[in-house]
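These entries record what I looked up in the structure. I began with the chain as a whole and then turned to selected elements.

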Amino acid sequence: MTATPIRPKELKHEVKDLSLAPKGKQRIEWAGREMPVLRQIQDRFAQEKPFTGIRLVACCHVTTETAHLAIALKNGGADSLLIASNPLSTQDDVAASLVADYGIPVFAQKGEDNDTYHRHVQIALDHRPNIIIDDGSDVVATLIQQRQHQIADLIGTTEETTTGIVRLQAMFRDGVLTFPAVNVNDADTKHFFDNRYGTGQSTLDGIIRATNILLAGKNIVVAGYGWCGKGTAMRARGLGANVIVTEIDAVKAIEAVMDGFRVMPMAEAAPLGDIFVTVTGNKHVIRAEHFDVMKDGAIVCNSGHFDIEIDLKSLGGQSSEVKEVRNFTQQYRLKNGKSVIVLGEGRLINLAAAEGHPSAVMDMSFANQALACEYLVKNKGKLEPGLHSIPRELDQEIARLKLQAMGVKIDSLTPEQVEYINSWTSGT
């Protein structure tokens, strides 16, 4: 098989405007104030250089927080390259600063079309990565489908989204995941905090920035009650909304009921909702039959990874007119006379219209990513193909560093307690 050509040396970046770099650098530095865990890891990496000789590709949302992960990996010796994982999530000033101030090749522009996005995936693979940091598993899927000859170069991959983990599980079942993949998403210090508190706050932030709507008193329908859905529902209720949850999982549905939310099928929720948020990771959660019965002016948006949760093709077919009424806000005028408002083109509203998760929560998520990459390097050739959890001791270390940075102390077990919990002979 003919080897894929390496990316031309003269093509060092593809960002919107390098003159935006000073603003981006200032914002990167501001985010760093809230990322003490990753800063400590970055300092250690700078001394130990664990990634010397390692080619690394990161497909992530190009934000101020991601910048700190990229800088930490470069300080650790990685020959790294960054592309966007979502066409609307790139912060152009940050991308410019990473190129101009930190010397990191970035191929990402806010609003890039699908062709550009897929071309950037190919550029990333031209880098011949030893490690892939993926956000949705597009780079890994493209590698498996189109560049089998490059798998020999790969030490492993890390993935931090629920959507990406589901795709990796499907790859493993189909026998095509022939290398180690670290499941960063399911680390306790990731999904308990990033998915719940990060998605919860940033999703509502995106809705408010796009619409300036008052949430108090509104009926907000949250599709999916995983950790992202829990966070969104929790924060919406905190702002005074009446929250309805839709689910397909009986256990999660019971949990939502016991958390005090109304639970019903989408068909019943559709006529009631003022605002709809999808966070399922699945396809066409809101469909033609739901649009038909929505209130005039109902708002729909998505905080799941891909832009497939809302069936926009069907909505377009039901509409006589589509127009932009605010930034990231499109009004679809239905043939029945009513209108449906779509935010952020059905893409991640928290990144399309807002800035993504707060830095303080991404501090732990990206600490997991950094340590997962180091774990892959340290265990090169030792890990079996398939999904691997973040080692418990790394998860605990991240939590310990975060507590330390927050000035919070906790108890330690006494020798007597250690003996008790490790014994089966002591009882009542």
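**Overall dimensions.** I first checked the radius of gyration of the protein chain in this predicted model. For 428 residues a compact globule would have a value near 22 Å, and the chain has 22 Å, so the two agree. I then noted the span of the C-alpha trace along its principal axes, which is about 70 × 65 × 45 Å.

**Secondary structure.** I listed 17 helices and 15 strands for the protein chain.

**The open sheet.** I traced seven strands in an open sheet with parallel pairing, in the order S3-S2-S1-S4-S5-S6-S15. Strands S3 (106-107) and S15 (386-389) stand at the edges; each has a single partner strand, so one side of each lacks a neighbour in the sheet. Next I examined S4 (residues 131-134) and S5 (residues 156-159), which pair in the parallel sense over four bridges. In this pair, Ile131 stands opposite Gly156 of S5. I also noted that helix H7 (residues 162-173) packs on the sheet, where it touches S5, S6 (180-183) and S15. The direction of H7 makes about 135 degrees with that of S15.

**Asn130.** Where does Asn130 lie? I located it in the loop between helix H5 (114-126) and S4. Is Asn130 buried or exposed? Its relative accessibility is 9%, and buried means under 20%, so Asn130 counts as buried. Leaving aside neighbours within four places in sequence, I found Asn130 in contact with Gly53, Ile54, Arg55, Asp153, Leu154, Ile155 and Gly156. Gly156 of S5 is also the residue opposite Ile131.

**Helix H3.** I checked the length of H3 (residues 64-75): its twelve residues reach 17 Å from the first C-alpha to the last, close to the 16 Å expected. The buried residues are Thr64, Glu65, Thr66, Ala67, His68, Leu69, Ala70, Ile71, Ala72 and Leu73. After H3 comes Gly77, for which I noted a positive phi near 100 degrees.

How values were computed:
Residues are numbered from 1 along each chain as its sequence is written. This is a predicted model: local features need pLDDT of at least 70, side-chain atom pairs count only at pLDDT 80 or more; totals for chains, interfaces and linings use all residues. Side-chain values use heavy atoms; hydrogens and water are left out. Helices (H or I, at least four residues) and strands (E, at least two) are DSSP runs, numbered from the N terminus. The expected span of a helix is 1.5 Å times one less than its number of residues. Buried means under 20% relative accessible area, exposed over 50%, partly exposed in between (1.4 Å probe, protein chains only). Two strands pair if DSSP finds at least two bridges between them. Contact means heavy atoms within 4.5 Å. Axes are lines fitted to C-alpha atoms, for helices over the stretch in contact, and angles run from 0 to 180 degrees between N-to-C directions. The radius of gyration is taken over C-alpha atoms; the globule rule is 2.2 Å times the number of residues to the power 0.38.
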